[in-house]
Amino acid sequence: MSAEFDFEIIAKGACSNLAREKGLRTWSILTAFVSGLPYGRNACRDDFSLVLKEGRGSCSSKHALLKTIADENGKGNQVALVLGMYRMNRMTTPKIGGIVDAVGLDCIPEAHCYVRYKGKRHDFTSFTSDFSLIEDHILYEEDIIPEQVVEYKVEKHQDYLKKWLKQTNSSMSFDALWKLREKCIAALGS
């Protein structure tokens, strides 16, 4: 991460305290550390500290943790947590290409979380996350608060998929599409 945006983690909030306990004393050190953690769902979706405690996280939990720490340190007005929908396909998410291709779909709209600051989107899901892969495939974006990654993100994503199925006149059921999506997500963690 470049020095274009950095701050010391000095707040007494729960997540900031945990970050400091782990030696993560600046935003740039924190974002590099979070990027290096394996992809995986946490035991409890609404406890963002588990990213640091369990040593893994999804795009939602990792970026919700980062936004929480930015908020705790008075930088919340400079760091936005973003929920985006993008076309998940072989080009944007190479690990899932074969899964989507096998059922004859060009893509599946996928919900993804990331942060935005200094007018630029940043994806700290992994070291290999490359936002430029999905940037031209964004279908929808909105700023959310960390707590919205728990239920709101899932509801918004499911509503979006139902509308997409209707718009594309797909013969696939929502349940089949959601199972296919879950298979894709599992492939990302392998």
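Me: Before we start, what should I know about the numbering and the model?
Reply: Residues are numbered from 1 along each chain as its sequence is written, and side-chain values use heavy atoms, with hydrogens and water left out. Because this is a predicted model, local features need pLDDT of at least 70 and side-chain atom pairs count only at pLDDT 80 or more, while totals for chains, interfaces and linings use all residues.

Me: Which residues touch the most other members of the largest nonpolar core?
Reply: They are Trp27, Leu30, Leu65 and Val149, in a core of 32 residues; a nonpolar core is a set of buried Ala, Val, Leu, Ile, Met, Phe, Trp, Tyr and Cys residues joined through side-chain atoms within 4.5 Å, and buried means under 20% relative accessible area, with exposed over 50% and partly exposed in between (1.4 Å probe, protein chains only).

Me: And what does Val149 touch?
Reply: Leaving out residues up to four places away in sequence, Val149 touches Arg45, Phe48, Ser60, Ala64, Leu81, Cys113 and Ile144, where contact means heavy atoms within 4.5 Å.

Me: What about the second core?
Reply: That separate core has 22 residues, including Ile108, Ile134, Trp164 and Trp178.

Me: Switching to helices, how do α7 and α8 cross?
Reply: The axes of α7 and α8 (residues 174-188) come within 10 Å and cross at roughly 125°. Helices (H or I, at least four residues) and strands (E, at least two) are DSSP runs, numbered from the N terminus, and axes are lines fitted to C-alpha atoms, for helices over the stretch in contact, with angles from 0 to 180 degrees between N-to-C directions.

Me: Which residues make that contact?
Reply: From α7 they are Val154, His157, Gln158, Leu161, Lys162, Trp164 and Leu165, and from α8 they are Phe174, Leu177, Trp178 and Arg181.

Me: Where is Tyr160, and what does Tyr160 touch?
Reply: Tyr160 is in helix α7 (residues 152-167) and, not counting residues up to four places away in sequence, touches Met85, Pro109, Leu139 and Tyr140. At 23% relative accessibility, Tyr160 is partly exposed.

Me: Last topic: which loop holds Asn169, and what is the phi of Asn169?
Reply: Asn169 is in the loop between α7 and α8, and has a positive phi of about 55° although it is not a glycine. Most residues other than glycine have a negative phi.

Me: Is Asn169 buried or exposed?
Reply: Asn169 counts as exposed, because its relative accessibility is 68%.
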